[in-house]
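Here are some notes to read alongside the structure. Please keep the model open and find each residue as it comes up.

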Amino acid sequence: MDFAFGEQDEAFRTEARSWLAGHAGSGWERRAWERVLGKAGWIGLGWGEGGYGNRTATLTQQVVWAEEYARSGAPPRSGHIGEKLLAPTLLAHGSVEQKTRFLPPIASGEELWCQGYSEPEAGSDLAGIRTRAERAPDGSYRVTGQKIWTSLAHEADWCFVLARTDPDSRRHHGLGFLLVPMDQPGRVEVRPIRQLTGTSDFNEVFFDGAHARAEHLVGGEGAGWTVAMSLLGFERGVSTLAQQIGFAAELARVVREAVDRGAVADPVVRDRLVRQWAELRVMRWHALRTLGGTGDAGAPSVAKLLWGGWHQRLGELAVQIRGAAGGAGPEDWTPSVPYALDETQRMFLFSRADTIYGGSDQVQRTIIAERVLGLPREPKGGV
């Protein structure tokens with residue numbers, strides 16, 4: 001199973017490849033790179049005809065762009081949360097005023113977003129959130145609570161926050177999906193979380209009466225759960241296919257190291273390498289099968305289970321191939337550089353979280369069991 005790209009798709013590929021070759025060098029500051037992408041019209045290809053400052057592209061052309069971007073070695077994106085998650089959500093649930101206000105700055109790369117879902121007390125149980133959004137006398141909201149594992153919050157201008165607008169509500173009832181500005185000193189505090197890799201892409205975010213305007217509630221009162229679930233469904237398809245380009249490059253690097261170190265003489269290592277290759281092909285076929293589809297409640301969960309476990313196993317295999325040398329850094333320890341890692345070590349350490357963030361494996365299996373297989377729902381409260 002594969003795409004049959006047409007002449008227009010290949011012409012689009014040539015344009016994308018040429019542009020990336022001329023612009024995607026190293027040394028870009030991440031926010032500046034988003035503006036470069038926006039000025040050239042490469043943000044928001046999948047939004048359709050909306051007049052929000054983006055160029056339009058067919059589904060196959062979106063795949064072409066994603067694949068060429070991954071192959072080019074272009075800088076990591078800071079604007080993907082706004083482009084790939086919030087924008088489709090606003091197109092589906094937002095008011096005309098919300099679309100007009102927020103989509104053009106995303107398309108131009110001028111405003112960056114983060115996602116305020118997970119909380120310390122709720123874990124992967126999104127319906128258990130405690131962050132409150134209380135009505136102020138002027139009709140606006142005051143948001144109070146804590147979010148955690150918030151990607152790129154230290155760079156973001158805005159955060160879409162799932163909060164409880166009805167203080168007496170329980171579980172998935174009485175929630176609101178609010179658009180909250182991050183630049184509120186004394187009301188919004190961001191604390192980076194240092195990871196195993198030594199980097200700090202995730203953050204804790206504390207809201208202490210943060211202001212959110214009434215017209216920035218998406219979907220209306222009590223619709224937060226519906227909007228939030230809709231957003232989670234956008235984390236698949238084109239982006240998954242692009243992710244697999246990166247996975248293929250990592251697998252090729254592991255294979256080369258296995259050959260160079262003579263580890264391929266071990267039949268167990270050879271078997272694991274072949275399994276990784278075969279499973280990566282299965283992931284591609286699954287992504288193609290579900291690409292552009294709607295109404296398949298289990299597709300995002302299946303995709304997450306496939307790639308999370310696959311990437312984690314690849315990291316384990318990579319350090320197994322190295323043996324004892326896998327525990328040694330690429331540079332000698334110094335006070336100024338106490339924590340140097342190479343690409344393989346970073347992949348191994350970061351992949352430990354792949355089966356947790358974005359919805360843990362346990363949560364994904366529960367979704368498949370309840371929404372696809374129709375099995376009885378998991379008992380709550382120990383009942």
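1. Lys147 and Glu119 form a salt bridge, with their closest N and O atoms 2.8 Å apart. This pair links distant parts of the chain: Lys147 is in strand E3, while Glu119 is in the loop between E1 and strand E2 (132-135), 28 residues apart. Lys147 counts as buried because its relative accessible area is 1%, and buried means under 20%. Glu119, with 5%, is buried as well. Bear in mind throughout that this is a predicted model.

2. Side chains of opposite charge can pair when their charged atoms come close. In this model the count of salt bridges comes to 28.

3. Glu257 and Arg322 meet through their side chains in a salt bridge, at 2.8 Å from N to O. Here too distant parts of the chain are linked: Glu257 lies in helix H7 (residues 238-260) and Arg322 in helix H9 (residues 299-322), 65 residues apart. Are these two residues buried or exposed? Both Glu257 and Arg322 are buried.

4. Glu111 forms a salt bridge with Arg101, and the closest N and O atoms are 3.0 Å apart. Glu111 sits in the loop between H5 and strand E1 (113-116), and Arg101 is in helix H5, 10 residues apart. The partners fall into separate classes of accessibility. Glu111 has 17% relative accessibility, so it counts as buried. Arg101 has 34%, so it counts as partly exposed.

5. Salt bridges can also join into a network. Glu10, Arg13, Arg17, Glu67, Glu68, Arg71 and Arg284 are linked in this way.

6. Two residues in the loop between strand E3 (141-147) and E4 deserve a look: Trp149 and Leu152. Trp149 is not a glycine, yet has a positive phi of about 60°. Leu152, also a residue other than glycine, has a positive phi near 60°. Which of the classes of accessibility do they belong to? Trp149 is partly exposed, with a relative accessible area of 48%, whereas Leu152 is buried, with 6%.

7. Helix H10 (residues 343-351) has Thr344, Gln345, Met347 and Ser351 as buried residues. Viewed down the axis of H10, its buried residues fall within an arc of 160°, which means that they line one face of the helix. At the start of H10, a side-chain oxygen of Asp342 comes to within 3.2 Å of the backbone nitrogen of Thr344.

8. The last point concerns the surface. Val372, Leu373 and Leu375 make a nonpolar surface patch of about 280 Å². Leu373 is placed in the segment after helix H11 (361-372).

Methods. Residues numbered from 1 in each chain as written. Predicted model: local features only at pLDDT ≥ 70, side-chain atom pairs only at ≥ 80, totals over all residues. Heavy atoms only, no water. Patch = residues over 30% accessible without salt bridge, like charges linked within 9 Å, V, L, I, M, F, W, Y side chains within 5 Å. Areas by Shrake-Rupley, 256 points an atom, 1.4 Å probe, with all protein chains shown as cover. Salt bridge = Lys/Arg side-chain N within 4 Å of Asp/Glu carboxyl O. Helix = DSSP H or I, 4+ residues; strand = E, 2+ residues; numbered from the N terminus. Buried < 20%, exposed > 50% of the residue type's maximum accessible area, 1.4 Å probe, protein only. Arc of directions from axis to C-beta. Polar contact = N/O pair within 3.5 Å; in protein donor to acceptor, adjacent residues only side chain to side chain.
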